[in-house]
Amino acid sequence: MAVTRLIISDFIISFMWVWSGVLYKMFVHQVLGLGHEVEGEVLKCALSIANMFFFAFLGKLTKGGTYNPLTVLSDAISGDFSRFLFTVGARIPAQVIGSITGVRLIMDTFPEIGHGPRLNVDIHRGALTEGLLTFMIVIISLGLARNIPGSFFMKTWISSVSKLTLHILGSDLTGGCMNPASVMGWAYARGDHISKEHILVYWLAPVEATLLAVWTFRLLVRPVKDVKAEKSE
């Protein structure tokens, strides 16, 4: 039952995530009439952080539901093999299907809304960009989970600001997505979800960066229980 609930939660939250990004941008640009001036950009940043707080709360409420395959993949790598298979075989597909369903409904409802993130540089630079951004956010997330295990507000605040900063840094190059499921939703709507650029830049590079980040963190940072045992001695 818990497994089914988690899969359904991933689907629904992924569906909601692609919608939320469109809605708060429409609110800023169309409802408030703000363009790309300072006021509009500041408001979008504030709403983005509030949005990430909301989805972090949903993740806590659903006991682990999330919209990003890289989040569950980094956890699965640290677990046993059955957990890894469950993540790759069920949770990530649920997130991808949720994102695709959400984007299709967005395109049907607001056909003028646009076509999501696009690659604006060559494929190698794009893969390097998404890989570096993913590596950084996974390292930050692992560090927060280790050093601030119980503080929901502080962890979410640091994580949200970090994601927003990295997103802005990569937005002109690849969209600064760091979320293969969300990009897959928009790419599927455009019909280029099986292109070499999409697979290499938005799937292969982030997944490899996630693996590298987890292994690097394990190599450089000792487990908390080892540190506590050393102090007790």
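The largest nonpolar core is made of 11 residues: Leu73, Ile77, Leu133, Ile137, Val138, Leu142, Leu166, Met178, Ala213, Val214 and Phe217. Here, a nonpolar core is a set of buried Ala, Val, Leu, Ile, Met, Phe, Trp, Tyr and Cys residues joined through side-chain atoms within 4.5 Å, and buried means under 20% relative accessible area with a 1.4 Å probe, protein chains only. This is a predicted model, where local features need pLDDT of at least 70, side-chain atom pairs count only at pLDDT 80 or more, and totals for chains, interfaces and linings use all residues. Residues are numbered from 1 along each chain as its sequence is written, and side-chain values use heavy atoms, leaving out hydrogens and water.

- Helices H3 (69-77), H5 (123-147) and H8 (196-220) each supply at least two of the core residues; helices are DSSP runs of H or I, at least four residues, numbered from the N terminus.
- H5 gives the largest share of this core, with 4 residues.
- Leaving aside residues up to four places away in sequence, isoleucine 137 touches Ser159, Ser162, Lys163, Leu166 and Met178 (contact means heavy atoms within 4.5 Å).

**Helix H4**
- H4 covers residues 81-109, 29 residues in total, and reaches 41 Å from its first C-alpha to its last, close to the expected 42 Å (1.5 Å times one less than its number of residues).
- A kink of about 35 degrees is centred on threonine 87 in H4, the bend being the angle between axes fitted to the seven residues ending there and the seven starting there.

Conventions:
Buried < 20%, exposed > 50% of the residue type's maximum accessible area, 1.4 Å probe, protein only.
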